[in-house]
Amino acid sequence: MKNQKSTSVAHLLLIAFIQGKQKMYQKIFFIIFFLFISANGQSQLSNIEEQRIDSIFSEWDQSNKPGVAAGLIYGDNIQYLKGFGTANLESNRAIDQQTKFQVGHLSRQFTVLSVLLLEKMGRLSLSDSVQKFIPQLPNYKHPLRIEHLINHSSGLNDYEVIKTLLGKEEDDVFTHNDALHLISSQKQLNFIPGTQFSYMLSKTETTLLAEVISKVSGESLTTFARQHVFEPLEMHNTLFNEDYNAKIPNMAYSYQIDGEGFKNKALNLSNAGPTNLFTTAEDLLNWYKKFTTSTKSELVELIQQLDKPVTLNDGSTYKSSWGQMTLGQSFFHLERGLPAYWQYGLVGGYGANVFRFPEQNLTSFVLGNNDRYNGMPAMLMANHFIEKEYPEPSTVDISKIKSQKLTVSKLKEYEGHYWNSDRALARRFYVEGDTLRYARLGQDQGLATIPLINEGGFQLKVESDDIITFSFTKEDEQQVYDVASGIGTPYRYKKYQPITYNKEELKQYTGSFHIKELNSIYTFSIQNDTLVVQGPENLEIEFFPVIKDVFRSNTLQFGSIVFKRNESGTINGFYINTDGIQGLFFTKLIDLG
């Protein structure tokens with residue numbers, strides 16, 4: 001483990017002091033060190049505080065495990081920067097504050113910043129057509145502009161879901177040009193750009209932004225960001241990687257849990273922009289200081305613009321269940337009542353999490369190669385300093401919920417199966433004893449709900465600070481409910497009666513289906529009385545009926561499919577609808593046999 005680096009003068013004097021030259025250097029050391037601390041407005045944590053924060057990472061403070069690098073800024077005076085565990089299990093190289101980690105989703109803020117810089121330079125306008133710089137994209141019915149990519153409202157499918165549809169795995173080689181090919185295969189947009197928000201995790205828009213940066217600047221994203229972002233900010237150990245074969249110095253290797261140990265999890269990605277940024281805890285500490293500094297420059301002002309919310313043409317913002325999405329692709333929300341920004345990155349065995357509390361001037365983050373979501377230790381670091389400032393408890397106080405007692409017969413009115421066709425998600429409510437329970441399909445035991453005093457209102461009983469509510473109502477005489485979490489826009493689910501098919505009835509859905517855009521064929525057959533599809537790369541998925549001609553699966557890429565019939569009632573194709581793809585049509589091939 002290493003603490004934050006000192007200046008060379010203080011470091012040399014400290015060495016001399018330790019070596020026993022006390023009389024000559026003791027007085028000079030303390031004078032210079034005191035002046036150094038005062039001039040920089042920084043102070044070290046007390047030993048007790050430092051040990052308490054260190055203890056958060058005790059699980060990873062081992063030489064035979066991958067681990068984490070952690071950083072924290074609190075006000076003008078306190079910061080923490082350390083590494084725990086191992087960057088490379090083969091060489092036993094320890095993690096320190098200069099170890100490079102892949103940070104996944106965190107990459108996007110730097111891609112967006114690069115576009116804002118090019119706009120500031122006068123080299124592009126956010127109102128420019130995307131096809132002006134990427135002519136291989138189709139000319140869609142409605143204009144697609146750079147601002148729609150920035151504001152996450154393009155109407156394009158998420159190529160990552162298309163990639164899995166083709167049977168590609170995370171560790172398969174996948175390049176920037178591969179991504180552009182999949183994006184360009186979409187001939188029609190799912191909605192008019194600027195009128196709706198795209199899929200929350202979509203990588204499509206930032207991939208196109210990276211291509212725009214390259215075409216406008218005449219340089220790769222890697223080169224442009226290094227010259228115009230990382231070097232000016234003195235982030236000397238931060239880089240975009242556009243070659244999966246590249247050897248990156250002092251890189252933390254990606255590991256996955258394998259039984260009781262770990263094994264290397266290779267990442268063969270070369271698509272910089274939405275991902276593939278490598279950075280260090282030391283550089284990130286420097287980066288996040290810029291969000292709150294009062295020392296302004298043109299670059300700092302653009303950085304602080306990244307906290308503005310993405311917007312539609314009408315000015316509305318994207319309020320997801322994770323929070324309000326920003327230009328920098330972070331999520332603004334209330335964390336136990338305190339305004340906070342959250343951003344994460346999960347790719348391979350890497351896991352990065354950042355929490356920023358602007359009113360407390362606190363930023364806490366953890367980077368890891370430990371095959372884990374590292375949000376918990378990042379939050380525990382923050383809690384060490386601001387626990388007493390939260391207006392809300394860490395778990396919902398059930399005794400303070402304004403609830404009512406409902407009869408079993410009343411609760412049974414809400415029982416049933418519910419379906420959200422846009423996200424291809426099915427849920428179930430059932431009564432057990434005197435409690436209405438909520439479950440995902442396939443779950444034997446659901447979570448309890450609490451009846452609220454408003455008619456048709458329920459709150460999920462959870463052991464956390466999450467407030468998840470259900471509001472039952474009627475739509476065209478059909479029972480529906482809206483589920484809301486935090487400040488997110490509610491999602492609507494409609495009640496349906498599950499349908500079942502016997503083997504003979506399932507035969508109408510069998511056969512081969514082709515999609516020209518992806519040049520792929522998918523064949524449906526019946527196995528053990530279940531509809532199964534086989535596709536590229538030995539892809540095989542089971543489907544379960546929802547309602548007539550609608551089936552669901554437990555996979556992302558085939559969330560649900562809707563079979564279509566011609567005028568004679570014969571099936572002639574199907575659409576995919578899932579969280580990331582809408583209306584992707586497959587045509588049934590004529591059986592000549």
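The model is predicted.

Start with the eight-stranded sheet. It is open, and its strands run in the order β2-β1-β17-β16-β15-β14-β13-β12. The pairing is antiparallel. Two strands sit at the edges: β2, residues 78–84, and β12, residues 319–320. Each of these edge strands pairs on one side only. At the β12 end, the partner is β13, residues 323–325. β12 and β13 pair in the antiparallel sense, over two bridges. For a residue to look up there, take Lys-319: its bridge partner in β13 is Gln-324.

Helix α10, residues 281–289, lies across β1 (68–74), β2, β15 (338–347), β16 (350–357) and β17 (362–368). Relative to β17, α10 runs at about 155°.

The side chains of Lys-82 and Glu-50 meet at 2.8 Å, N to O. Lys-82 belongs to strand β2, while Glu-50 belongs to helix α3, residues 47–56. The two residues are 32 apart, and the pair links distant parts of the chain. In total, the structure holds 20 salt bridges.

Next comes the three-stranded sheet. It is open too, with the order β5-β11-β7 and antiparallel pairing. Its edge strands are β5 (101–102) and β7 (239–240), and each pairs on one side only. Two bridges join β5 to β11, residues 277–279, and these strands run antiparallel. Within that pairing, Phe-101 stands opposite Thr-279 of β11.

Now the helices. Two packed helices are described by the angle between their axes and the distance between the axes. Helix α4, residues 108–120, has two such contacts to follow.

Take α4 with α9 first. The axes of α4 and α9, residues 221–230, come within 10 Å and cross at roughly 75°. That angle makes α4 roughly perpendicular to α9. From α4, the contact uses Phe-110, Thr-111, Leu-113, Ser-114, Leu-117 and Leu-118. From α9, it uses Leu-221, Phe-224, Ala-225, His-228, Val-229 and Phe-230. By class, the residues of this contact are nine nonpolar, three polar and no charged.

Then take α4 with α11, residues 298–305. These two helices pack at an angle of about 130°, with their axes 10 Å apart. α4 and α11 are therefore oblique to each other. The crossing of α4 past α11 is right-handed. Leu-113, Leu-116, Leu-117 and Lys-120 come from α4, and they meet Glu-298, Leu-299, Leu-302, Ile-303 and Gln-305 of α11. This contact divides into six nonpolar residues, one polar and two charged.

α7 passes α8 in a left-handed crossing. His-176, Ala-179, Leu-180 and Ile-183 make the contact from the α7 side. Thr-204, Thr-207, Leu-208, Ala-210 and Glu-211 make it from the α8 side. The residues here divide into five nonpolar, three polar and one charged.

How values were computed:
Residues numbered from 1 in each chain as written. Predicted model: local features only at pLDDT ≥ 70, side-chain atom pairs only at ≥ 80, totals over all residues. Heavy atoms only, no water. Axes fitted to C-alpha atoms, helices over the stretch in contact; angles between N-to-C directions. Helix = DSSP H or I, 4+ residues; strand = E, 2+ residues; numbered from the N terminus. Parallel < 35°, antiparallel > 145°, perpendicular 65-115°, else oblique. Left-handed = near helix turned anticlockwise from the far one by under 90°. Contact = heavy atoms within 4.5 Å. Nonpolar A, V, L, I, M, F, W, Y, C, P; charged D, E, K, R; others polar. Pairing = 2+ DSSP bridges. Salt bridge = Lys/Arg side-chain N within 4 Å of Asp/Glu carboxyl O.
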